[in-house]
Amino acid sequence: MAVYSSLAYSPPGKAQAKFNITLRNVSVEQVFKVIRKQSNFKILYNDELLKKAGRVSIDVRNGDINEVLNQCFAGQPLGYKIMDETIIITPKVAEHKQTGA
């Protein structure tokens, strides 16, 4: 079941888009559909990459696109980059810790 409400959007600038989204046990593609409905963002991704993702649940109230995507991709093999009004889905980059010598 997907439930979502309105968006307060004040152009210009992606940072001003605010999302109110509640989704339970949905595909990542479903989250993308809601993002597209509530904003001017375009989302670029590889279908094969999304096949590796599991189902997600998110609950964002008056949050920005980073909050939505961070919740969406938590525990997933996916990451993202935002360039203007385009979101590019990428494989998650492993974090490397440096040790001091």
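Me: I'm trying to read the sheet here. What order do the three strands of the open sheet have?

Reply: Strands of a sheet pair through backbone hydrogen bonds, either parallel or antiparallel. In this predicted model, the three strands of the open sheet come in the order 3-6-5, and the pairing is mixed. At the edges sit strand 3 (42-44) and strand 5 (78-83), each of which pairs on one side only. From one strand to the next, the twist averages 25°.

Me: How many bridges join strand 5 to strand 6?

Reply: Six bridges join them, and the two strands run antiparallel. Thr90 is buried, with a relative accessible area of 18%. If you skip its neighbours within four places in sequence, Thr90 is in contact with Leu49, Pro77, Leu78, Gly79, Tyr80 and Lys81.

Me: And the helices? Which strands does helix 1 touch when it packs on the sheet?

Reply: Helix 1 touches strand 3, strand 5 and strand 6, and its direction makes about 150° with that of strand 3. Helix 3 lies across strand 5 and strand 6, running at about 165° to strand 5.

Me: Which residues of helix 1 are buried?

Reply: Look for Val28, Val31, Phe32, Val34, Ile35 and Gln38. They are on the same side of helix 1, because they cover an arc of only 160° around the axis.

Me: Now the core. Which residues touch the most other members of the largest nonpolar core?

Reply: Here's the general idea: in soluble globular proteins, nonpolar side chains tend to be buried together. In this case the largest nonpolar core has 26 residues, and Val28, Val31, Ile35, Val68 and Ile89 touch the most other members. Several elements each supply at least two residues of this core: strand 2 (19-26), helix 1 (28-38), helix 2 (47-50), strand 4 (56-63), helix 3 (65-73) and strand 6 (86-91). Beyond four places in sequence, Val28 is in contact with Leu50, Ala53, Gly54, Val56, Cys72, Phe73 and Leu78.

Me: How far apart are Tyr45 and Ile88 in sequence and in space?

Reply: They're 43 residues apart in sequence, but 6.2 Å apart in space, going C-alpha to C-alpha. Tyr45 is in the loop between strand 3 and helix 2. With 31% relative accessibility, Tyr45 counts as partly exposed. Setting aside its neighbours within four places in sequence, Tyr45 is in contact with Glu29, Phe32, Arg36, Leu50 and Ile89.

Me: I also want to check backbone angles. Where does Asp84 lie, and is it buried or exposed?

Reply: Asp84 lies in the loop between strand 5 and strand 6. Asp84 is exposed, since its relative accessible area is 65% and the cut-off is over 50%. As for its backbone, Asp84 has a positive phi of about 55° although it is not a glycine. Asn62 is another residue to look at: its phi is near 55°, a positive value in a residue other than glycine. The place of Asn62 is in strand 4.

Me: Last one: what is the mean pLDDT of the chain?

Reply: The mean is 84, and 76% of the residues reach 70 or more. Now look at residues 1-14, where pLDDT stays under 50. For that stretch, the model has 33 contacts beyond four places in sequence.

Conventions:
Residues are numbered from 1 along each chain as its sequence is written. This is a predicted model: local features need pLDDT of at least 70, side-chain atom pairs count only at pLDDT 80 or more; totals for chains, interfaces and linings use all residues. Side-chain values use heavy atoms; hydrogens and water are left out. A nonpolar core is a set of buried Ala, Val, Leu, Ile, Met, Phe, Trp, Tyr and Cys residues joined through side-chain atoms within 4.5 Å. Buried means under 20% relative accessible area, exposed over 50%, partly exposed in between (1.4 Å probe, protein chains only). Helices (H or I, at least four residues) and strands (E, at least two) are DSSP runs, numbered from the N terminus. Contact means heavy atoms within 4.5 Å. The arc is that of the directions from the helix axis to the C-beta atoms. Two strands pair if DSSP finds at least two bridges between them. Axes are lines fitted to C-alpha atoms, for helices over the stretch in contact, and angles run from 0 to 180 degrees between N-to-C directions. pLDDT is the predictor's confidence in each residue, from 0 to 100.
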